[in-house]
Amino acid sequence: MITRRLARPAGALTSTSWTCASCTRASLLPQTCRQPPSRRSLHHVPPLTYDESFKRQGIPGLLSPDGFRIAWTDYQGSMVQKLNELTAGEPYEDAHVKQLALQFARDPMAASLFNHASMAHNNHFFFNSLSTSPLKVDRLPTLQQSLNNTFGSMETLQSTFLDTAAAMFGPGFVWLVWARNLDNPAAGAQRRGAWRILTTYLAGTPYPEAGYRQQGLDMNNNSAASYNSYMNQQPVNTVGAFGSFSQSGREQAKLPPGGTNVMPVLCVNTWEHVWLRDYGMNGKRRFLRDWWDCVDWSQVESIAPVEAKHPLEFQRG
Amino acid sequence: MRKLTLHPQIRATLLPQTRITPPSRRSIHYVPPLTYDDSFRKQGIPGLLSPDGFRIAWTDYQASMVQKLNELTAGEPYEDAHVKQLALQFARDPTAASLFNHASMAHNNHFFFNSLSTSPMKIDRIPTLQQSLSNTYGSMETLQGAFLDTAAAMFGPGFVWLVWARSLDNPTSGVQRRGAWRILTTYLAGTPYPEAGYRQQGLDMNNNSAASYNAYTNGQPTNYVGAFGSWSQSGREQAKLPPGGTNVMPVLCVNTWEHVWLRDYGMNGKRRFLKDWWEAVDWSQVESLAPMEAKQPLEFQRA
């Protein structure tokens, strides 16, 4: 779909002073400028906490320096360059990428803007959970217990998560999210909220405010009828159901702007350019397995809301 | 070993088959040998892919497609069907999504590589075809611009096709010629054949809602030129065709999946890849696939 921003010149808009809203760690690393800006450019590749190390040594156990350069430096650079072209001079030119993704999710004329903003956000989210010395989840007992309450065990969570990612035919992301309004079937206690695994194809976004662009279904596997029923169905039960008619969707409509009841804490980027260099054409599965072992669970823990990390309190019967 | 042919005009070849492992059971699908396989492996595709790039995009990728196809079809009544037949047959079956995806990708990828050669013929050596294309697009430069811009604009991976649509009226001819050239997009593993219209994937669902998707598939077109879908004139006529008959005939496609160009062109090299690809197209192969009526010089009727 051709957007109305076709005629923007490519060359003048490169580096910027924008930082990503999902980046929770304060960073004192110098900004990565691709070129001296010839005009005020608002978007730039946000510095990762471990940028220097990643550039020199790659991501330990996952990506070589070249692989990191392709998947972060080059890719994120091309996303922000396009964002600068698409937002220059507009009232939203200094919005954060997450805000841009949410705002333009329902505007087919702004498809390119949505795609680049959403990919920039998702890609940054992915790289933020990687570090030079990742913390294993067994060092975080309350988080681990919380995950076990939903999935039974970390091994089950891992295989469900990775099988989902491996099964996706085209590129996208798989997310671990905390869904605030779902009842936890495993709890039996008065705990609201549960963990869920969510898929987003291509540049889809996990936030319900932008539900039109969740892209949770591969349209290769669906017809217009099944897509409609996915979006419009009255769920048999509301546990695990997403969409505008789900319980969480209905409650979302009542939240103040910015409020959300789906909180992503972790994602994996399955686009080919992330793993092709280091794992080869048939290496997606191995990449996914290596990635799981590289996740820095301290970052996951820092994003998870408090109620997701409380030990359950059982009521006496 | 049953030969897996992917379209009627495949060139006969005596090149050895590429197996990825010795079959421990009868495996029917294998990587079909390209006419220029040996040369491509050693030297890559001139002006387009290095040997490594070719290995990734053809040898490795096609092998993974056929391996999966063997797993998915083994012991089934359709286990020796051609990949195109599998794609058409399973396009409407969501429970066979993986089978469709792998069959369709195998077909599309083979189609892409078949239009590349060690010494491609330029279009100006085939005047009737060039004239026919210019009749629709004005010039080859305009066709190139439209085709490559379309491919560059697609956010996710897919294919872009040049097809001859038999049932469309050619608006520029003013004469009694039926049929016209069209450019078609297919996202991911989408297929261009109308018999599998459910899986054309002509729209990026990122840019559409359920409502616009419905409108696309069900809309009453205001005119029939250029309209595809079950309600288009060509779609309606398709329903009357005998099995195997088609009124959309692909003659050329480009594969825009990242694994094709990432190795040789880098993360920001998609546009350059597309431009190099256009220069590398062997138009003699396109000409051999185009139906007769697509290559006839136009005859003007005297008033």
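## Aromatic rings and a buried threonine

In this predicted model, ring pairs join Tyr50(A), Phe54(A), Phe68(A), Trp72(A), Phe126(A) and Phe127(A) into a cluster. Rings of Phe, Tyr and Trp (its six-membered ring) pair if their centres lie within 6.5 Å, with planes under 30 degrees apart counted as stacked, over 60 as edge-to-face and the rest as tilted. Over all chains, the count by this rule is 32 aromatic pairs. For Phe126(A) and Phe127(A), the ring centres are 4.9 Å apart and the planes stand at 75°, so this pair is edge-to-face. Phe126(A) is buried at 0% relative accessibility, and Phe127(A) is buried at 1%, where buried means under 20% relative accessible area, exposed over 50% and partly exposed in between (1.4 Å probe, protein chains only). Tyr279(A) and Phe287(A) also form an edge-to-face pair, because their centres are 5.6 Å apart and their planes are at 75°; both residues are buried.

Charges over rings are listed next; the rule asks for NZ of Lys or CZ of Arg within 6 Å of the ring centre and within 35 degrees of the ring normal.

| Charged residue | Ring | Distance to ring centre |
|---|---|---|
| Lys98(A) | Tyr207(A) | 4.0 Å |
| Lys84(B) | Tyr193(B) | 4.1 Å |

In chain B, Thr73(B) belongs to helix α2 (residues 51–73), helices being DSSP runs of H or I with at least four residues, numbered from the N terminus. Thr73(B) is buried at 1% relative accessibility. Leaving aside residues up to four places away in sequence, Thr73(B) touches His29(B), Tyr78(B), Glu79(B), Leu86(B) and Leu99(B), contact meaning heavy atoms within 4.5 Å.

Residues are numbered from 1 along each chain as its sequence is written, and chains are lettered from A and ligands numbered from 1 in the order in which they are written. Local features need pLDDT of at least 70 and side-chain atom pairs count only at pLDDT 80 or more, while totals for chains, interfaces and linings use all residues, and side-chain values use heavy atoms, with hydrogens and water left out.

Definitions and conventions. Helix = DSSP H or I, 4+ residues; strand = E, 2+ residues; numbered from the N terminus.
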